[in-house]
Amino acid sequence: TIRLILSRNFGILEQVPNEQKWYVTGATVEWWQNGQKILTLSPVSADSGHIYIGTFPTKVQPGQEYEIRVTHPDYLTVRAVQKMPTPIASLSEVTLDRNAGVDGNGSTLSELEVSFKDEVGVDNYYEIRMSGSFSYLQYLGMDPQGNFLYDTVYYENNVYFDNTFDPNIEKGVGKSVLLSDQFFDGETYKFKGRFAAYYGGGVTDSIPYNFVIRSVTPEYYYWSKSYYLKSQTDDNPFAEPVSVYNNLENGLGIFGLFSERKFLI
């Protein structure tokens, strides 16, 4: 399925009289495959006409070219094209050492390791990310008998990998790791990432982790890299300005695609 929220941009000094002015209704939103229109999205409801949804007639396929196109009588046509990346085929077993040492703060370190074969002669881009399933007790108050009431709240927290020693790695959105095969084209690449489990020294981490490895489009790679760099310069008047990568024709934003494989470890 696809869900698209359509909004417009205003200049930094423009006065926006109403928050609803951000939203754009009455547009025609289309999904194209290999130069042929295969889907027209519909407004989700009369009250939410700026949200467009649709169901693909077939699954998005690797190697196929896809385009998102939006037309509106008051604006220029906005479009972007992407080619669906091929999933990583040759992938070793994902292993996690939950007791890989202790960092300077006394937190137990864990180390993730995975290897994959890069396709030769093709500019490939990858993303690696992992999140842990954490929980905490939330205080709800007291019942009429004076007993304390609690509820267990579960949440996902992205892992931050410390990989400053690997020249292939760039940092991306959501604590992700970005890779370009510029220096390992056609070879087997081994990723080893250490992270602090945020437990006291000597305590072994036992929570489950969701590991995701993606083959991404170049546009996704450059957007994620630039977005991260910009986030590091926010509120710093002495930093060199960073422009976030954009690939929408007559618009601002990113249209990216990725193929991913998921593991619970």
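**Reading the model**

Modeller: F148 lies in strand β11, where a strand is a DSSP run of E over at least two residues, numbered from the N terminus. This is a predicted model, in which local features need pLDDT of at least 70 and side-chain atom pairs count only at pLDDT 80 or more, while totals for chains, interfaces and linings use all residues. Residues are numbered from 1 along each chain as its sequence is written, and side-chain values use heavy atoms, with hydrogens and water left out.

Colleague: Is F148 buried or exposed?

Modeller: Buried means under 20% relative accessible area, exposed over 50%, and partly exposed in between, with a 1.4 Å probe and protein chains only. F148 has a relative accessible area of 53%, so F148 is exposed. P73, in the loop between β6 (65-72) and β7 (75-83), is also exposed, at 75%.

Colleague: Which residues make the nonpolar surface patch?

Modeller: Patches consist of residues with over 30% relative accessible area and no salt bridge; nonpolar side chains (Val, Leu, Ile, Met, Phe, Trp, Tyr) are joined within 5 Å, like charges within 9 Å. A salt bridge is a side-chain nitrogen of Lys or Arg within 4 Å of a carboxyl oxygen of Asp or Glu. Here L137, Y139, M142, F148 and Y150 make a patch of about 600 Å², an area from the Shrake-Rupley method with a 1.4 Å probe. The largest share, three residues, comes from β10.

Colleague: Which residues touch the most other members of the largest nonpolar core?

Modeller: In soluble globular proteins, nonpolar side chains tend to be buried together. A nonpolar core is a set of buried Ala, Val, Leu, Ile, Met, Phe, Trp, Tyr and Cys residues joined through side-chain atoms within 4.5 Å. Of the 25 residues in the largest core, F116, F161 and F191 touch the most other members. β10 gives the most to this core, with four residues.

Colleague: In what order do the three strands of the open sheet stand?

Modeller: Strands of a sheet pair through backbone hydrogen bonds, either parallel or antiparallel. Two strands pair if DSSP finds at least two bridges between them. The order here is β8-β9-β14, with antiparallel pairing. β8 (95-97) and β14 (188-196) each have a single partner strand, so one side of each is left without a neighbour in the sheet. Nine bridges join β9 (residues 109-117) to β14, and the bridge partner of K117 in β14 is T188.
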